[in-house]
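Subject: Structure handover

Hello,

My notes on it follow below.

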Amino acid sequence: MTKTLTHFIAFTFIAVTAVSCQQSIEKQLTGTWKVTDVQTNFDETKVTPEMLRQVVDMQKKTYFRILNDTTMIIISNNLTHEARWHFNKETSEIIYSFTGMRNMSNTLGKYEGNSIINKSTTPLGVIITTYEKE
């Protein structure tokens with residue numbers, strides 16, 4: 001009986017310690033996120049190789065900083081935009097809206113493992129951009 005009680009106490013201690021050491025999703029997302037991969041699935045009859053290269057280059061120039069549990073900065077083409085964000089626990093999506101435009105929300109991407117994956121559908125096709133934290 002004593003051996004069982006000792007094992008139970010040890011297991012409980014380990015479980016409580018593991019749960020308390022886990023970071024909140026907001027803490028996990030805080031930091032600078034940069035593009036690590038861009039994949040496209042475009043209709044090749046509608047796009048030239050040069051146009052495709054420009055689209056990929058533009059995606060690679062956009063990055064963002066999540067500063068805290070509500071504020072993020074998006075940097076694109078050397079322009080800085082402040083936005084408010086939140087994490088949807090049901091879909092694992094990061095949703096943001098620009099300051100002063102709360103009624104228009106955008107999906108930054110889906111948080112999967114250590115990456116944020118954005119899938120955009122455009123008139124030319126689909127762009128999948130993967131961001132990872134620096």
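Which residue in S8 is the bridge partner of Lys-34? The partner is Glu-132. Please keep in mind throughout that this is a predicted model.

Eight strands form a closed barrel in the order S1-S2-S3-S4-S5-S6-S7-S8, and the pairing is antiparallel. From one strand to the next, the twist averages 30°.

Strand pairs

S1 and S8 are antiparallel partners, with nine bridges between them. Lys-34 and Glu-132 make up one of these pairings, with Glu-132 on the S8 side.

S8 also pairs with S7, which covers residues 115-122; these two strands run antiparallel and are joined by eight bridges. Here Ile-117 has Thr-130 of S8 standing opposite. S7 and S8 form a hairpin, and two residues lie between the strands.

Helix against the barrel

Helix H3 spans residues 49-60 and lies across two strands, S1 (31-42) and S8 (125-133). Its direction is at about 160° to S1. The two strands under discussion are the antiparallel pair with nine bridges described above.

Backbone points to check

Asn-77 has a phi of about 50°, and it sits in the loop that links strand S3 (71-76) with strand S4 (79-88).

Ser-92 has a phi of about 65°. Its place is the loop between S4 and S5. Is Ser-92 buried or partly exposed? Its relative accessibility is 24%, so Ser-92 counts as partly exposed, because buried requires a value under 20%.

In brief, the items to look at are the closed barrel of eight strands, helix H3 across S1 and S8, and the positive phi values at Asn-77 and Ser-92.

Regards

Notes:
Residues are numbered from 1 along each chain as its sequence is written. This is a predicted model: local features need pLDDT of at least 70, side-chain atom pairs count only at pLDDT 80 or more; totals for chains, interfaces and linings use all residues. Side-chain values use heavy atoms; hydrogens and water are left out. Two strands pair if DSSP finds at least two bridges between them. Helices (H or I, at least four residues) and strands (E, at least two) are DSSP runs, numbered from the N terminus. Axes are lines fitted to C-alpha atoms, for helices over the stretch in contact, and angles run from 0 to 180 degrees between N-to-C directions. Contact means heavy atoms within 4.5 Å. Buried means under 20% relative accessible area, exposed over 50%, partly exposed in between (1.4 Å probe, protein chains only).
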